[in-house]
Amino acid sequence: MMTVATYLNLRSEYEEIVRDFNVPDEIKNGLEESFIWFYKYGYRSNSLRNNFSRAKDICKILLGELNGKETTKRKSVGTS
């Protein structure tokens with residue numbers, strides 16, 4: 001299970017990455033619906049942008065956490 005601090009750090013990283021992406025404004029907020037939309041449709045006009053893959057990976061990690069499944073190995077976030 002992910003700590004609250006890790007979840008919030010990943011969510012903040014996601015919001016920072018997609019801030020300048022071509023997505024609806026409501027998708028830029030780190031909510032479950034946002035992660036679902038971005039994971040399914042975020043590739044549209046964003047797939048060649050820097051950090052697109054990272055944003056998609058974050059969505060996968062957080063959606064797995066929200067659904068009670070670990071979908072991928074998490075990378076270390078923040079300082080030790």
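Reply: A helix here is a DSSP run of H or I with at least four residues, and helices are numbered from the N terminus. One such run is helix H3, which spans residues 52-66. Isoleucine 58 lies in helix H3. That residue is our starting point. Keep in mind that this is a predicted model.

First, the setting. The protein has three helices and zero strands. Along the sequence, the pattern reads α-α-α. Of its 80 residues, 30% count as buried. The protein exposes about 5,400 Å², and carbon and sulfur atoms supply 47% of that area.

Now isoleucine 58 itself. Is isoleucine 58 buried or exposed? Its relative accessibility is 0%. The cut-off for buried is under 20%. Isoleucine 58 therefore counts as buried.

Which residues does isoleucine 58 touch, leaving aside its neighbours within four places in sequence? They are Leu10, Glu13, Tyr14 and Ile17. Helix H1 covers residues 4-18. Take glutamate 13 from that list. Along the chain, glutamate 13 and isoleucine 58 are 45 residues apart. In the model, their C-alpha atoms are separated by 8.3 Å. Among contacts with a separation of 6 or more, 50% join residues 24 or more positions apart.

Glutamate 13 has another partner, arginine 54. Arginine 54 is also found in helix H3. The side chains of arginine 54 and glutamate 13 are joined by a polar contact of 2.9 Å. Arginine 54 has 18% relative accessibility, so it counts as buried.

Next, follow Tyr14, another contact of isoleucine 58. Ring pairs link Tyr14 into a cluster with Phe21, Phe35, Phe38 and Phe52. The whole structure holds five aromatic pairs. One of them is formed by phenylalanine 21 and phenylalanine 38. Their ring centres are 6.1 Å apart, with 25° between the planes, and the pair is stacked. This pair links distant parts of the chain, 17 residues apart. Phenylalanine 21 sits in the loop between helix H1 and helix H2, while phenylalanine 38 sits in helix H2 (32-41). Phenylalanine 21 counts as buried because its relative accessibility is 6%. Phenylalanine 38 counts as buried too, at 0%.

Phenylalanine 38 has a second ring partner, phenylalanine 52. Their ring centres lie 5.6 Å apart and their planes meet at 50°, so this pair is tilted. It again links distant parts of the chain: phenylalanine 38 in helix H2 and phenylalanine 52 in helix H3, 14 residues apart. Phenylalanine 52 is buried, as is phenylalanine 38. That brings us back to helix H3, where we began with isoleucine 58.

One more ring deserves a look. Lysine 56 lies over the face of tyrosine 39, at 4.9 Å from the ring centre.

Finally, how far should you trust the picture? The protein has a mean pLDDT of 84, and 85% of its residues reach 70 or more. Over residues 71-80, however, the pLDDT is below 50. That stretch has eleven contacts in the model beyond near neighbours in sequence. Where pLDDT is low, predicted coordinates should not be read in detail.

Note on methods. Residues numbered from 1 in each chain as written. Heavy atoms only, no water. Helix = DSSP H or I, 4+ residues; strand = E, 2+ residues; numbered from the N terminus. Buried < 20%, exposed > 50% of the residue type's maximum accessible area, 1.4 Å probe, protein only. Contact = heavy atoms within 4.5 Å. Areas by Shrake-Rupley, 256 points an atom, 1.4 Å probe, with all protein chains shown as cover. Polar contact = N/O pair within 3.5 Å; in protein donor to acceptor, adjacent residues only side chain to side chain. pLDDT = per-residue confidence, 0-100. Phe/Tyr/Trp six-rings, centres within 6.5 Å; stacked < 30°, edge-to-face > 60°. Lys NZ or Arg CZ within 6 Å of the ring centre and 35° of its normal.
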